[in-house]
Amino acid sequence: MITVENLTKRYGGFTAVDDISFEVRPGSVVGFLGPNGAGKSTAMRMMTGLTPPTSGHSTVLGKPYRDLHNPGRQVGVMLDASAQHPGRTGREILRLAAIQIGVPKSRVDEALAVVGLTDEEAGRRVRNYSLGMRQRLGLASAMLGQPEVLILDEPANGLDPQGIHWMRGLLRGFADGGGTVLLSSHLLHEVQVIADDLVMIGRGRIVAMGPKDELLSRGGTTVRSTDDAALAVALERSGVTVTRTASGLVVDAEPAVVGRAALEERVVLLELRSGGSEGLEEMFLSLTAATSREGKAA
Amino acid sequence: MTTTDSRSTEPVVARGGAVGAPAAATGMSAASGRHEGRPEGRPGVPMSRLITVELRKMVDTRAGRWMLIAMSAISLVVVAAFLIWGPAEEATYGTFLGLTSFPLVMLLPIVGIMAATAEWSQRTGLVTFTLEPRRGKVITAKIVGAMILGLVVTASAFAASAIANVISGVGDGAGTWDVTWKVALGVILGFLIYVVQGIAFGFLFLNTPMAIVASLILPTAWSIASSIVSSLEKVGAWLDLGRVTEPLFSGTMTGENWGQLATSFSVWVLLPLAIGSWRVMTREVK
């Protein structure tokens, strides 16, 4: 359980995180989405007691992070996989953490196995690790203490497609077993498969949040037919907003409404679906466009 | 502390097999049974474990290990050189101890500095301070850990000097055991002061090269200034850590010497330690 209430961080005149509030319930995965520099990392550092907030507060498992007893056993944190001493081996880094949080040495090997780092890789110095291996090591470190909550900043960064697929399975399983997961990403497709809820942030402000399915259905219905023009006219006649796109139409109505209109017009449907990844991707881009760097130039 | 659950019997999943369903199964098991054996309200990370970790961190990197190897090597070379070319009648335990101590006094603060700054220069603080958010405890653990390491180094200096003295005695050296308990305690205390000074400078600058340069240059510059400028001469006697530890190493501390030592210690160790600790406690970890 993670609760964030009115969390704000200002650096001089710059507001990095602006009055954000959300909740991550046990058994769910929440995707914390936003373009680079949106304030995701700053927010996560405030949640884990590394950065003092300007105002507002956050709790993990009902307590401010700094008041947790032996937090490594309750919350698994990975904020930056690259923030490791390059002169230590992967296994040594996990051993240090194991001593500190008080778990037996055998947990180190178990954690290494869970993230798929071999003995040979664990014996290498982190200096010689790829970013993907550092991410796996960071994940192993976070899961070492068998926590109830995971807070992960860009965990899929640097992982190959196979690795991203593997991580999804790992985190999904963790949440299905009652765990709480908050993970950030600047890539929508990385999180939309795994996340139950999404919190989208741009320039420090939450621009959209809610259950993923609800946000997805907001994208309307995408339809493609043998005669898009006729279908569009028919739909507009019945008072539905229709947007013409390069590959078809996006209709602000349930798929059933569109299907019925097609039936009446005797138009053959080639594709009919609600929302979809493009819908959310478009929403992500449009929601953050006004607040992101790109949006400034446009 | 012992959390026994299904995990320990979990089959090892290789990376090839860690894709898709098997990985999901592994992940699921990682989540199950979390609540077993987890007493509520258990006190935070015990100090002993923090100290163990901090001590281990000082010697488990190449930099830390080479620092210790370099210290031992320099001491060995100096002692060997004295055994071969030094005046035989001066070859006593006290002389050898003084010879081995010199490089250690120079290098021990650097061990402390590296222990203090690594969390920031290598950004390992992101992990250290999330595992123990009470940063004051980490500071204490680092100080105690560095002092333990300092004591180990001191002990090896005593041992190495003793061996050198025996070797020298077998030859034509004087081989006198002239180290009184006052000198011994003085050397131990002196080493500890230098280690803690390193930690203090490390916390103060939170940057390895800056802290090393400052810890070498500032006291030296002050020594030179106080010996050149006559008006500083009197102050220098109280505020020159190098000068006030001389009677400590020779076992000739007087009441006034203790006062001078306390004053210098406050200015060169306690003051930077206080400011540095405040910085560590309040600084944002990025």
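**Figure 1. Residues 91–118 of chain B and the other annotated spans.** In this predicted model, residues 91–118 of chain B are 93% helix and 0% strand, with end C-alpha atoms 40 Å apart. Helices (H or I, at least four residues) and strands (E, at least two) are DSSP runs, numbered from the N terminus. An unreviewed UniProt entry lists "transmembrane region" for residues 66–85, 91–118, 139–163, 183–206, 213–232 and 258–278 of chain B. UniProt positions are given in the numbering used here, feature names are shortened, and annotations may be inferred rather than shown by experiment. Residues 66–85 of chain B are 100% helix and 0% strand, and the end C-alpha atoms of that span lie 28 Å apart. Residues are numbered from 1 along each chain as its sequence is written, while chains are lettered from A and ligands numbered from 1 in the order in which they are written. Because the model is predicted, local features need pLDDT of at least 70 and side-chain atom pairs count only at pLDDT 80 or more, whereas totals for chains, interfaces and linings use all residues.

**Figure 2. Fold summary of chain B.** Chain B has twelve helices and zero strands. Of its 286 residues, 41% are buried, meaning that 20 or more other C-beta atoms lie within 10 Å of the residue's own; exposed means 12 or fewer, partly exposed in between, and C-beta atoms are placed from the backbone. Two residues are in contact if their C-beta atoms, placed from the backbone, lie within 7 Å. Among chain B contacts between residues at least 6 apart in sequence, 78% join residues at least 24 apart.

**Figure 3. Helix α12 of chain B.** Helix α12 (residues 255–282) of chain B has 28 residues and should span 40 Å at 1.5 Å a residue; the end C-alpha atoms are 39 Å apart, which agrees. The expected span is 1.5 Å times one less than the number of residues. A bend of about 40° occurs in α12(B) at B:Ser266, taken as the angle between axes fitted to the seven residues ending there and the seven starting there. Buried residues of α12(B) include B:Gln260, B:Trp268, B:Pro272 and B:Val280. The buried residues of this helix pack against α6 (135–170), α7 (181–205), α8 (208–228), α9 (230–239), α10 (241–244) and α11 (246–250) of chain B.

**Figure 4. Surroundings of A:Gln84.** A:Gln84 sits in the loop between β5 (75–78) and α2 (90–101) of chain A. A:Gln84 counts as buried because it has 23 C-beta neighbours inside 10 Å. Apart from neighbours within four places in sequence, A:Gln84 contacts A:Ile93, A:Val126, A:Arg134 and B:Thr124.

**Figure 5. Four-stranded sheet of chain A.** The open sheet has the strand order β11-β12-β10-β13 (chain A), with antiparallel pairing; two strands pair if DSSP finds at least two bridges between them. β11 (242–245) and β13 (269–274) of chain A are the edge strands, each with a single partner, so one side of each has no neighbour in the sheet. From one strand to the next, the twist averages 20°. Strand β10 (residues 221–225) of chain A is joined to β13(A) by five bridges, and A:Thr221 stands opposite A:Ser274. Helix α9 (residues 228–237) of chain A lies across β10, β11 and β12 (248–251), at about 15° to β12(A). Axes are lines fitted to C-alpha atoms, for helices over the stretch in contact, and angles run from 0 to 180 degrees between N-to-C directions. Helix α10 (residues 255–265) of chain A lies across β10, β12 and β13, at about 160° to β13(A).

**Figure 6. Three-stranded sheet of chain A.** Strands in the order β2-β1-β4 (chain A) form an open, antiparallel sheet. Strand β1 (residues 2–11) of chain A is joined to β4(A) by five bridges, with A:Val4 and A:Ser58 as bridge partners. Helix α1 (residues 40–47) of chain A lies across β1, β2 and β4, running at about 120° to β1(A).

**Figure 7. Strand β3 of chain A.** Five of the five residues of strand β3 (residues 29–33) of chain A are buried, so the strand is largely enclosed by the rest of the structure. A:Val29, A:Gly31 and A:Leu33 point one way, and A:Val30 and A:Phe32 the other. β3(A) pairs in the parallel sense with strand β7 (residues 180–185) of chain A over five bridges, where A:Phe32 stands opposite A:Ser184.
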